[in-house]
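Here is a briefing on how two chains meet. It covers charge pairing, contact area and symmetry.

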Amino acid sequence: MVMEKILWKHIESVRSKSPLVHNITNYVVMNNTANALLAAGASPIMAHAKSEVPDMVALAHASVINIGTLDEYWSETMLLAAETSHKLGKPWVLDPVGAGATPFRDKILQKLLAFKPIVVKGNASEIMALAQANEGATKGVDSTADSNEAVNAAIGLAIQHETLVCISGETDIIVNGTQTVLVKNGHPLMTKVTGMGCTASALIGAFVGVVEDKTEGTTAAMALLGIAGELSAEQVDGPGSLQLKLIDKLHNLSEKEFYDHIRISKQ
Amino acid sequence: MVMEKILWKHIESVRSKSPLVHNITNYVVMNNTANALLAAGASPIMAHAKSEVPDMVALAHASVINIGTLDEYWSETMLLAAETSHKLGKPWVLDPVGAGATPFRDKILQKLLAFKPIVVKGNASEIMALAQANEGATKGVDSTADSNEAVNAAIGLAIQHETLVCISGETDIIVNGTQTVLVKNGHPLMTKVTGMGCTASALIGAFVGVVEDKTEGTTAAMALLGIAGELSAEQVDGPGSLQLKLIDKLHNLSEKEFYDHIRISKQ
Amino acid sequence: MVMEKILWKHIESVRSKSPLVHNITNYVVMNNTANALLAAGASPIMAHAKSEVPDMVALAHASVINIGTLDEYWSETMLLAAETSHKLGKPWVLDPVGAGATPFRDKILQKLLAFKPIVVKGNASEIMALAQANEGATKGVDSTADSNEAVNAAIGLAIQHETLVCISGETDIIVNGTQTVLVKNGHPLMTKVTGMGCTASALIGAFVGVVEDKTEGTTAAMALLGIAGELSAEQVDGPGSLQLKLIDKLHNLSEKEFYDHIRISKQ
């Protein structure tokens, strides 16, 4: 596949250009998110004060907005960051954690979507909930969400909001409205580490900060995380060690390891 | 002992039923708490916005309220969660971190107690401070608190608030007003890992979410953590590695390991 | 050098006296900060509510204020803690994370400086930005800041604010206005672990809480962290493992290891 050849170049791009990634994310994952970005070669900054968020957006190559532990203040600052990004033409990534779980989340998410994230990254349930809320249908988190159904929801979101949608899961599915890329890397133990999806979104932020083609950038991020995860998982006894070994592997993954393990395809 | 035989069943129950545990906890431990719950088989959610806390309480099997880094907003949301739990008849666990350290903490704790937590889990100093504040006596954190004194305080709290009290320490002591269970598992190095007591409270939340008998559920949680801690501590050089290995062991502890190491007794 | 002989005594002092260190720090590092303090023998408390910060300052041996993820509320509470420390004559440490990045940070930092921190610990860019903001010159974070320039900025700050300034970096430089101490311990991989500078500030807080001579205390803290970092870095594959192994080594570093590796000098 032609795309594969370029993906390692994008990983090297992040390592050499060290994009500044501004994160407004949840309390649970902040430490891992920062460490994962550093390990991938990016430069993380976490800042959420309304008094400085527009300045931070302006300084950064990209922003990542993750609603995991949102509240009234943080949702206002997220909207401010999204609006500023949109105004300045800066790429930003939306991670709609827990979409569908509460009306509060769904309301904020619809407002955020209006500021046109460059990528929306969620699990199947979240992507479906986003699309459903969009249509005014019943809300809810369905953890047994069917992948195909989520793909249709993703395509709908991608077209309506002119964004790229990445469904993370056993197979990561990236849709941009015209094509679909599947990334089949990763390991089941990764689901036992909190915030793995949040790490994915943060890495996507790093890649869209320096890579022109956003589909390629998102694919590179997901492949990098998936491969680092599967290579680490083979060395460990449980999820505690995996969390750390994965950071090590993001840091030291080689081109050979990457191309020996990558499993992507287009539909 | 008859109770011992049922404890592993409760651990399997958490693993198979994967209770949704809603946490309003402190910033220091959120990541470890989420990972410990995942490793034990539960499904953690951290959410603290007043705009959605009642919805989260309703969704969850149990809530855990830990005042470690409380402030004015968070204390209001904790009260809202406790009140909602009480109204809906949902079990909730109180971890009175730093009880007695400041009048602010003591005031909020007394208000929280009025919403009848199913379990109060604290160290000896915290349990004594809770009971003292209750009686209007002098407040203070006494880290050299005598266990027996804490037991009396715990029994007083258990009876007055119709709750179960778990004193965590070298020996964990669980009192429900009519009986006392002692869990003698654990390892001294665990005291050098931040938030080990918070992990205990979160695990208790998972167990009371699916186990009918709350004394058994609390005992199972404390034994699980203590055994995972002592087995992990033997493999490591210090508290950094222990934090991670303990998560691994929560994930992969076997029935044989559990029954080879459990040390509980009744009084 | 005479100073060297006393440094291990200070490390033993922290281990035996277990100072209570009150931290108002950023969300990213809270867990590591608490674990590093515990591993060094100190007793950490994280508390930021305006309703209890004065009480916490009064209880603690020292406070550490780190503006990494400040916002409007947190900046008010930081000012309250600094003011209370100043009033009570309690030592407090300022970590000006991201100084120069935004006007919001610079404004709060100038207000904080007025309450006379006992030590200001920042990287070269932050120390220069602090000094520049001080002089009304152009603000900005210059990550390629020249060390000598930072030394001059540090001396200026030290004299003007009657404080000790510690510039963390490949060589840590401690200036108190009359003498300069260089600590050449550490390892490049430490820059890939988030919040290593924040750990340094927290450890300084522990040392100034029990050591009379603040220059010695700060030097001991930086040497301890640097040596623990370099000994750990030799054992690991990447920054994820380093974060944990460093905590282990803070806990079990021996006097022999300390004196075999310490590299300090005076100017």
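The side chains of Arg105(A) and Glu52(B) form a salt bridge, 2.6 Å from N to O (a Lys or Arg side-chain nitrogen within 4 Å of an Asp or Glu carboxyl oxygen). The count between chain A and chain B is one salt bridge. This is a predicted model: local features need pLDDT of at least 70, side-chain atom pairs count only at pLDDT 80 or more, and totals for chains, interfaces and linings use all residues. Side-chain values use heavy atoms, without hydrogens and water.

**Contact and area**
- Chain A gives 26 residues to the contact, and chain B gives 26 residues (heavy atoms within 4.5 Å).
- About 2100 Å² is buried between chain A and chain B, with 56% from carbon and sulfur atoms (accessible area, 1.4 Å probe, lost on being put together, summed over both parts).
- Tyr27(A), Val28(A) and Lys192(A) supply 25% of the area that chain A buries against chain B, more than any other three residues.

**Make-up of the chain A side**
- α5 (103-113) and α10 (239-252) of chain A are the elements that give two or more residues to the side touching chain B (helices are DSSP runs of H or I, at least four residues).
- α10(A) gives the most, with five residues.

**Symmetry**
- A rotation of 120 degrees with 0.0 Å of shift along its axis superposes chain A on chain B, RMSD 0.0 Å (least squares on C-alpha atoms of residues with pLDDT of at least 70 in both).
- That is the relation of a three-fold axis.
- Tyr27(A) comes closest to the rotation axis of the residues of chain A, at 3.8 Å (C-alpha).
- The copies use different surfaces: 8% of the contact residues of chain A recur in chain B.

Methods
Residues numbered from 1 in each chain as written. Chains lettered and ligands numbered in written order. Buried area = accessible area lost by both parts, 1.4 Å probe.
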